[in-house]
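Please read it alongside the coordinates.

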Amino acid sequence: MSNLDMSGLYHKIVFELKPDEDNYPPVTAESLWGILRAPGIYKIDNTPYYTYGISKGDYVSTIETNGHLAASNIVQQGGHSTLRVFAGNSYDKKSIIDAIQEMGATCSSTEGISLFSVDIPAECNFGAIDEYLTAISDGENFAYEDACLQHKNIDPPRYIECLSLASISNIKH
C-alpha cells in the first residue's frame with residue numbers, strides 16, 4: 001500500500017535534499033508527517049532533522065511523485081522556528097534537552113545519535129533559548145545551527161542566511 005492510499009488524515013510528505021560537498025545531510029530525502037488540510041495541502045506535524053526552511057506547523061503544497069507525496073512549496077508558515085543541535089556526549093545531550101524543554105520548546109532525539117532538532121513554538125521565547133545555546137556552544141563538543149527561523153526580532157543577516165539554505169521554496173517570504 002502506498003502512502004497515497006493511507007486512510008486518515010496523516011500522510012508522509014517527502015522533502016528532497018541535496019547533500020553538500022561534505023555529504024551533509026547524510027540522506028537525500030526526509031519524510032515528515034503531514035495532516036491533510038485541503039486537497040494537496042498538508043500541515044507539517046513533526047520537526048525535521050535535516051530539511052532547512054520548514055518547521056512544525058507550516059503548510060505545504062504537495063505533488064504526487066513515484067507513489068509518494070513530495071513537498072513542492074510552503075504556502076503558509078506556522079510561526080515555529082527550528083534549530084539543530086549537536087551534543088558530543090549523551091549526558092550533555094540529555095541535560096541540554098531538559099533545559100530547552102523547561103523553556104517551552106520540544107526536542108526530537110534518537111538514542112545513540114548526537115544530533116537532535118528543536119521545535120520552538122511561536123509563543124516560546126526564542127531569544128532565551130538562543131542565548132542559552134550560544135552560552136554553552138564551544139563549536140567542538142557542542143554546536144547548533146538555524147534550520148528555519150520564523151520568530152520576530154531575529155537579526156536580518158542571520159534570517160537571510162537561514163532563508164538561503166532552505167530546502168523548499170516559500171511562496172510568502
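By class, nine nonpolar and five polar residues line the largest cavity, and no charged residue does. The model is predicted.

**Cavity**

The structure holds one cavity of 30 Å³ or more. The volume of the largest cavity is about 100 Å³. Its lining is made of 14 residues. Nearest the centre lie Gly53, Gln77, Cys148, Leu149 and Leu163. Which element gives the largest share? That is α3, with three residues.

**Nonpolar cores**

The largest nonpolar core has 19 residues. Within this core, Leu83, Ile100, Phe116, Val118, Ile120 and Leu133 touch the most other members. Helices and strands both contribute: β6 (81-87), α1 (90-102), β8 (115-120) and α2 (126-136) each supply at least two residues.

Take leucine 133 as a case. Leaving aside residues up to four places away in sequence, leucine 133 touches Leu83, Val85, Ile96, Ile100, Phe142 and Tyr144. Two of these partners, Leu83 and Ile100, are also listed among the core members that touch the most others.

Another core lies apart from the largest one. This other core has eleven residues, including Leu32, Tyr42, Ala71 and Ile74.

**Backbone exceptions**

| Residue | Phi | Relative accessible area |
|---|---|---|
| Asparagine 23 | about 60° | 58% |
| Asparagine 153 | near 65° | 82% |

Asparagine 23 sits in the loop between β1 and β2. Asparagine 153 sits in the loop between β9 and α3. Are these side chains' residues buried or exposed? The cut-off for exposed is over 50% relative accessible area. Asparagine 23 is at 58%, so it counts as exposed. Asparagine 153 is at 82%, so it is exposed as well.

The loop between β1 (10-16) and β2 (29-38) also holds proline 25. Which residue is joined to proline 25 by a cis peptide bond? The partner is tyrosine 24, and omega is about 0°.

Notes
Residues numbered from 1 in each chain as written. Predicted model: local features only at pLDDT ≥ 70, side-chain atom pairs only at ≥ 80, totals over all residues. Heavy atoms only, no water. 1 Å grid on protein atoms, 1.4 Å probe; cavity = no way out; pocket = protein on both sides within 12 Å on 5 of 7 lines; lining within 4 Å. Points joined across faces, edges and corners; volume = space filled by probe spheres on them. Helix = DSSP H or I, 4+ residues; strand = E, 2+ residues; numbered from the N terminus. Nonpolar A, V, L, I, M, F, W, Y, C, P; charged D, E, K, R; others polar. Buried < 20%, exposed > 50% of the residue type's maximum accessible area, 1.4 Å probe, protein only. Core = buried A, V, L, I, M, F, W, Y, C linked by side-chain atoms within 4.5 Å. Contact = heavy atoms within 4.5 Å.
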